[in-house]
Amino acid sequence: MTTKNVLSPETRELIKAQVSRRGFIAGVGGLGTVGLLAACGTKAAPKTAASTAAADTGGTVRWANWTLYLDYDTATKKYPTLEAFQKQSGITVSYKEDVNDNDEFYGKVQGQLKLGQDIGYDIVTLTDWMAGRWIRLGYTQKLDATNIPNKVNILDKLANVGFDPGRNNSLTWQTGFAGFGWNKQKLPKGIHTVEQLFASENKGKVEVLSEMRDTMGIIMQYQGVDIESGFTEAQFMNAIDFLQKKISDGFIRKVAGNSYKEDLISGDAVAVIGWSGDMFQLSSENAGKFDFAIPDSGGTLWSDNMMIPSTSTNKINAEKVMNYYYEPEVAAQVAAYVNYICPVKGAQAEMEKIDPKLAASPYIFPTDETLSKVKVFRSLTPAEETTFSILAWGFDPHAYHKDVWRFHRCRRSVTDDPGRIIFRSSRSLGLRQDDNSSNDCWTRRTYRWLNLYRRHGYNN
Amino acid sequence: MAYLQSMATRASTFSGKKGRLPYLLLAPGLLWLFTFFVLPIINLAGTSTQTPVIGGDTGQYVQTFRFANYIDAFNASREQFARSFIYATLATLLALAISYPLAYAIAFRSGKYKNLLLVLVIAPFFTSFLLRTVAWKQILGESGFVVPTLRALHIIGPNTTLTASALAVVTGMTYNFLPFMTLPLYASLERIDPRTLEASNDLYSNAFTTFRKVTFPLSMPGVVAGTLLTFIPAAGDYVNAAILGNPNTTMLGNVIDSRFFRIVDYPTAAALSFMLMAAILILVTLYIRKSGTDELV
C-alpha cells in the first residue's frame, strides 16, 4: 500500500486540538426503554412530504452526532469551532455524542418521529442509507437555501446524491472510508488483506463494524463481488457464511459501532474493520500506536449527513449552524481534528495554513487514485434492507436458512409472469447459493404471506 | 364523656367504610399495574402478530394476526433461548453456592459485625449496575492486572482472554445478582429459632444432620425466593452478554434488543418477549410446586 501511514506521529502532535478519551458507554444507554416503546403504535406512518410546518421557536440547537466527530480541546473541555460560532451568532448549541450506530439511533427515536413528538434534536447526523430512509419517510424538514448560502461549497460529487437530489433535505457532515485498523505494536506488518485480518494470531481479538454495509462490503469485495452495481442474495449469503464462520470459530470478539475504539486502546482488540478518521485520531492520541489502510481488495466509502428532523421547532438556527460549518476555514479546522474526508470546497487551501501535511493526505482530501480503491454499497430496497440486516445481525443465519430450506418449494418462476411479482417475502431471500434458480422461486411461505395480504388489502 | 362519644362515632364511621378501605389502598397499585403493565402487555401481544406493510419502509407494520410469527421467531433464535436458560441456571446455582455460606455466616456467626456485613453485601448497589459491569470488563481485560498476572504465572496461555467469553458472562451475572440471593437467604436463616438447633443437638444429631434436617428445610423460603430473584432477571438479562460476551454468547435479551432497536422488527421482538415470559412463568410455577413452598404463590 502506497497510501499507508501518511501521518507521522510528529505531525499529529502539531494538531492543535488534542483529545482525551471520553465516555463511550453511550451504546448501552437505551436500557429500559423497551416497555415504553412497546406502547407506541406500530401502524404504518402516513407518508408526509418533508414538512416545514413546525413553527420556529428559536433557541438552543440540539445536535446529535457520532463520537469524536468535532474538534475538541481537552484543556478547556470545549469544542473550539462551536465556541466560536456561539460567540459570533449568539445561538447556543447543545452538542451531544449520542449516535453510536445508525440502526440503534433510529430504533430509539422512530416511535416519537412517527407520532410527531419532539425527539430532542434539531440536527441529526446519519449515514447515507439511513438519511435516505428519513427523507423517504418525511422525517426531515426541507432546508432553506437562503439560510445556508455556503451550501454552494459542497463538493461536486456530493451535491447530487441519489437519496436526496439537489441536497434539499440534507448536507454532508463528513465522508470517510471503512477499512482495516490495527495496533502497530502487536502487528508491525500491518493488515492489508482479509486473510491477514483473520490470521490465527489475531484469534478472538478482531472486531468488525456493526454497520452492515461496511463490514459486508469489505468481505464481499474480498470475495470478488462488485458492491456498487447489482449483486445477488446468493453473493450476499456467501459473505454472511464467511463472517458467520469467523464468528463461530471465535475470531471475532465483537460486532460493534464506535465502541471498537476503546477495545483497541485497552488491547482487547488488535485488529478491526473500522473507519479511517477514527483510526487516525486514535493514533494521534496514542503516540502513533495505530494505523489504517484501505483493504487491497477494496474498501467502502460512506458519508454522514446533517438533517433537521421533522419534529424540530428550531430550524433557522439549525440552518445557521450548518451554514457555519460549510465555511472552508471552519471545515478545515474540523477536518484537522476528525481526519475524515472534508466535504467542503476550498477547505484544502485553508488546511495548508493549519498543516500542509494534512492538506496532502489522501484520507482527508482524497485523490482519484485513493477513490479508485473504494466503492459505495448500492442502495437496498426496504425489504432487502430488513432481510440483509436480519441475516447479518439477526444471529444464527444458519438456523434461519435451514428453516427456510425446509419450507422451500419452487412453485412458480418469477420470469413466467414478471408483472405479478410485487413483493418477495423476506423468507424467500434466505436461500442457499447452490440453488441457481432459487432467486426466482416462490416459497410456500411467500404464498401464505401473500394470501394474508390479499385478504387484508395492500397498503400503499 | 364528649371525648368518648366522639371516639365512638369515629369508630363507627371507620367500620362503616371498612368494606371500601382495602380497595382504596389497592387503587394506586392497581392503577399503576394497569397502566404500566397490563396495557403495554396487550400492546405487545398486538404487535407480535403484525406483518410488514407491503412496499412499506423499515419499521412499518400492519395487524394481520399472523401467529406463525411465534414459530418463526422461535426457530430463528432457538440457540439463544437455550443459552439464556443455561446461563441463568448456572448463574443461579453459582450465586446459591456462594450466598448460602455467606448468609449463614452473617445470620449465625457474625456477632457484632452483622450490620456491617449486611451493608457490605448491599454496598455495590450504590453504584450503577452498568458501571460495575463495565468495570469488570476493564479488570478482566488486557489492560487490567489479572490477565498479565495469570499469564506471567503460566496459568493461562498467551492468547487466552478472560473477557469476551461464556465464563465472563456467567460470572458477571452471578456477581450482579448475588445480593438478590444473599438477602432473602439471610432473612430466612435469621428467623430460624436457635432452640430448634439446640433440640436437634439434644437428639444426638451431628452438625451435618442438623443442617440437612433442620436448618436447610427451614431456610427453604429464602432459597426459593433467592433463586427466583436471581433466575428471572438473569434469564432476560442482556447487559452482561453485551459487555462481557462475544458474538457466540448472545442471549435472548440481546436478540430482542437487536430486533427492537437495530432491525426494527417489532413483531419478532414482541413474539420473543412473550415466549421468554411464558417460559419463565412455566419454569417458575413448576419449581415452586416442586419445592413445596406455597408462600410465594
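**Note on helix burial and helix packing in the model**

1. In H11(A), the buried residues are A:Ser276, A:Gly277, A:Asp278, A:Met279, A:Phe280, A:Gln281, A:Leu282, A:Ser283 and A:Ser284. Buried means that 20 or more other C-beta atoms, placed from the backbone, lie within 10 Å of the residue's own. Helix H11 (residues 276-285) of chain A thus has nine of its ten residues buried, so it is largely enclosed by the rest of the structure. A:Ala287, which follows H11(A), has a positive phi near 50 degrees.

2. This is a predicted model, in which local features need pLDDT of at least 70 and side-chain atom pairs count only at pLDDT 80 or more, while totals for chains, interfaces and linings use all residues. Residues are numbered from 1 along each chain as its sequence is written, and chains are lettered from A and ligands numbered from 1 in the order in which they are written.

3. Chain A has 20 helices and ten strands (DSSP runs numbered from the N terminus: helices H or I, at least four residues; strands E, at least two). Of its 460 residues, 48% count as buried. Among contacts in chain A with a separation of 6 or more, 78% come from residues 24 or more positions apart; a contact requires C-beta atoms, placed from the backbone, within 7 Å.

4. In chain B, helix H3 (residues 68-76) packs against helix H14 (residues 266-291) at about 80 degrees, with the axes 9 Å apart. Axes are lines fitted to C-alpha atoms, for helices over the stretch in contact, and angles run from 0 to 180 degrees between N-to-C directions. H3(B) and H14(B) are therefore roughly perpendicular (65 to 115 degrees). H3(B) contributes B:Asn69, B:Tyr70, B:Ala73 and B:Phe74, and H14(B) contributes B:Pro267, B:Thr268, B:Ala271, B:Leu272 and B:Met275.

Definitions and conventions
Parallel < 35°, antiparallel > 145°, perpendicular 65-115°, else oblique. Contact = placed C-beta atoms within 7 Å. Buried ≥ 20, exposed ≤ 12 C-beta atoms within 10 Å, placed from the backbone.
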